[in-house]
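Below is a short report on how two chains meet and what packs inside one of them. The sequence and structure come first.

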Amino acid sequence: MVLQLFKKSQMWRKPDLKNRYEVVIIGGGVHGLSTAYHLGKLGLTDVAVIDKSYLGGGGSARSTAIIRANYLTPEGIPFFRESHKMYENLSQELDFNLLFNQMGRLDLGHTDSAVYWLNVRAGFNQLLGVNSRVIDPNEISELVPVLDLRKGKTMPVLAALYHPPAGVVRHDAVVYGYARAADRMGIELHPFTEVTGIIKSNGRVTGVQTNSGQISAGTVVSATAGWSSTISTMVDLDLPITTYPLQAFVTEPLKPFLDKTISSANLHAYAYQTDRGEVVIGGPVDPYPTYSQRATMNMLEDLSVFILKLLPILKPAKILRQWAGLCDMTPDYAPILGKVEGLDGFILNCGWGTWGFKAAPIAGKTVAELVATGQTPKLIQPFGLDRFENGRLINERAAATAAAIH
Amino acid sequence: MAFLVPCPNCGERNVYEFRCAGEIVTRPNSDAPQSERTAYLYLRKNVAGEQREWWYHKLGCRKWFTAIRNTVTNEVTETAWPDETVA
Ligand SMILES: Cc1cc2nc3c(=O)[nH]c(=O)nc-3n(C[C@H](O)[C@H](O)[C@H](O)COP(=O)(O)OP(=O)(O)OC[C@H]3O[C@@H](n4cnc5c(N)ncnc54)[C@H](O)[C@@H]3O)c2cc1C
Ligand SMILES: [Zn+2]
């Protein structure tokens, strides 16, 4: 009885690394694991997910995990809409409580041009089946009484894009849920295994070199977010990606006073209160690219100044933690998904920047379909790497949180 | 991670005084093929290690210069004025 109590129940197995898999996924963050899970659902289980660190220890561990679909472009909106729908059912599907709290969200506009773009977004959202609308300061006050509308000050709140189904999810639960489900289907998870090279023959990727030996593979998927360029350089591929850190911090737990996520691109800050009462605060990426994941005092000061303009009530609150994660920023604030011309057997699942957590379900599903069938699903065709060559950039910038500085 | 940048004019200053304008890329000729222009506009090495990049001392002397910085440790090992920079 006692022994039974102390018996470790493991979330996933620890198999030995084989020297061949049908599919090798580099990166065990939310995207690599979602892709693995969806491959399993399609019956492809000879799959290994390889991560140089612990599972979900990259951007996925550091995400503020706001899930929303109120994007701007006709390519982006349907993609994020489908992902949002999948999140609504994901706790059931993975049999794991992801604490998905659909608290709703306000994107605040403080200038005429910002309000113009909020209206454009509302229009496109409604046309494409996403629930959002522009509301006035009175309604904003009713939804978030503590918000300073900044009447008579610089940057008054003029309007907001209200997106009721937006929410926040428990980021590590999503990672563990996908990992456990993939493992149960027979897919292998190999944390603490670093990819050090990619094996190519005749213009085709045929495997990876790791610090635990060589593995051959039918297909290699790179889901390495902020590290994508370090992987692509192994196949002499330059990507339209620059790695920037994004920082966030949380306050001590406070009584419930805020039940919406609020975001202001004009004031470079966003915030929400967690179920535990802590207030999570974030903003734009750091002003210079780096692979260092150390947070900075300057950013803590800047974000505090920005958020106090909206939530002066937070002034006496103590700060508990601050952190940084790497973001693979693209020029058009949209992801890069799919095949690479002239390089068979290599699939990209990256360009997730500061916005990728919400996309994991649909990206995993569509990339898995591509791996299984060789055909790029329609939903992700606009996100191919070739869009930069063809001048078909997507431009989601106006819908990226607090992106104004960058 | 914050760090100090040695401006060739002002000496070591807090990185937040500067604007980093990214890795140096060479502009192709106007008759260069489309692929080279795409590369110039969008594609980046984004190395995890030493790279040569553009810096602007926006809250100081407001001069542009180039630096070699390690993007993992953020150590700046060399700075130069644009006309002294070897590409
Ligand atoms: C502070 C912060 C807040 C954010 N907030 C939001 C938000 O509110 N909403 C939202 O949608 N998105 C948000 N994001 C973005 C989102 O978190 C990321 O886009 C997403 O987590 C990326 O997931 P991923 O699986 O692609 O990458 P990661 O989770 O970064 O995983 C990549 C993995 O690759 C591994 N790896 C790298 N190199 C190698 C190698 N050579 N060999 C083996 N493995 C390797 C890494 O160890 C890492 O685990 C935020 C990000 C940050 C940093
Ligand atoms: Zn100077």
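## Where the chains meet

A:D238 and B:K45 form a salt bridge, with their closest N and O atoms 2.9 Å apart. This is a predicted model. Between chain B and chain A the count is 1 salt bridge. Polar contacts between chain B and chain A come to 15 residue pairs, both residues being at pLDDT 80 or more. Helix α1 of chain B, residues 34–42, gives the most to the side of chain B that touches chain A, with 4 residues.

The contact involves 22 residues of chain B and 25 residues of chain A. Together the two chains bury about 2000 Å², and 53% of that is on carbon and sulfur atoms. B:M1, B:Y16 and B:N46 supply 35% of the area that chain B buries against chain A, more than any other three residues.

## Aromatic pairs

Over all chains, the structure holds 17 aromatic pairs. One of them is A:Y288 with B:Y16: the ring centres are 6.0 Å apart and the planes stand at 75 degrees, so the pair is edge-to-face. A:Y288 sits in the loop between β15 (279–285) and α10 (297–310) of chain A, and B:Y16 in the loop between β2 (11–14) and β3 (19–23) of chain B, so this pair joins two chains. Both A:Y288 and B:Y16 are buried. Ring pairs also link A:Y288 and B:Y16 into a cluster with B:F3, B:F18, B:W55 and B:F65.

## Salt bridges

Side chains of opposite charge can pair when their charged atoms come close. The count over all chains is 20 salt bridges.

| Pair | N to O distance |
|---|---|
| A:R121 and A:D107 | 3.5 Å |
| A:R276 and A:E278 | 3.6 Å |
| A:K365 and A:E369 | 3.6 Å |

A:R121 lies in helix α6 (residues 112–127) of chain A and A:D107 in strand β4 (residues 105–109) of chain A, so their pair ties together parts 14 residues apart in sequence. A:R121 is buried, at 3% relative accessible area. A:D107 is buried too, at 6%.

A:R276 is exposed at 54% relative accessibility, whereas A:E278 is buried at 7%. A:K365 and A:E369 both belong to helix α11 (residues 360–373) of chain A, 4 residues apart, about one turn of the helix. A:K365 is partly exposed at 34%, and A:E369 is partly exposed at 25%. Elsewhere, salt bridges link A:R81, A:E82 and A:K85 in a network.

## A buried aspartate

Is A:D332 buried or exposed? A:D332 counts as buried, because its relative accessibility is 1% and the cut-off for buried is under 20%. A:D332 lies in the loop between β16 (319–329) and β17 (336–340) of chain A. A polar atom of its side chain is 2.9 Å from the backbone nitrogen of A:I394. Beyond its neighbours within four places in sequence, A:D332 is in contact with A:R387, A:F388, A:L393, A:I394, A:N395, A:E396 and A:R397.

## Nonpolar cores

In soluble globular proteins, nonpolar side chains tend to be buried together. Here the largest nonpolar core has 64 residues. Those with the most contacts inside this core are A:I25, A:F79, A:Y87, A:V169 and A:V174. Apart from this core lies another, of 26 residues, among them A:L106, A:I135, A:L258 and A:F306.

Leaving aside neighbours within four places in sequence, A:Y87 is in contact with A:I67, A:F100, A:V169, A:V174, A:F357, A:K358, A:A360 and A:P361.

Note on methods:
Residues are numbered from 1 along each chain as its sequence is written. Chains are lettered from A and ligands numbered from 1 in the order in which they are written. This is a predicted model: local features need pLDDT of at least 70, side-chain atom pairs count only at pLDDT 80 or more; totals for chains, interfaces and linings use all residues. Side-chain values use heavy atoms; hydrogens and water are left out. A nonpolar core is a set of buried Ala, Val, Leu, Ile, Met, Phe, Trp, Tyr and Cys residues joined through side-chain atoms within 4.5 Å. Buried means under 20% relative accessible area, exposed over 50%, partly exposed in between (1.4 Å probe, protein chains only). Contact means heavy atoms within 4.5 Å. Rings of Phe, Tyr and Trp (its six-membered ring) pair if their centres lie within 6.5 Å; planes under 30 degrees apart count as stacked, over 60 as edge-to-face and the rest as tilted. Buried area is the accessible area (1.4 Å probe) that two parts lose on being put together, summed over both. A salt bridge is a side-chain nitrogen of Lys or Arg within 4 Å of a carboxyl oxygen of Asp or Glu. A polar contact is a pair of N or O atoms within 3.5 Å; within protein, one must be able to donate a hydrogen and the other to accept it, and residues adjacent in sequence count only if both atoms are side-chain atoms.
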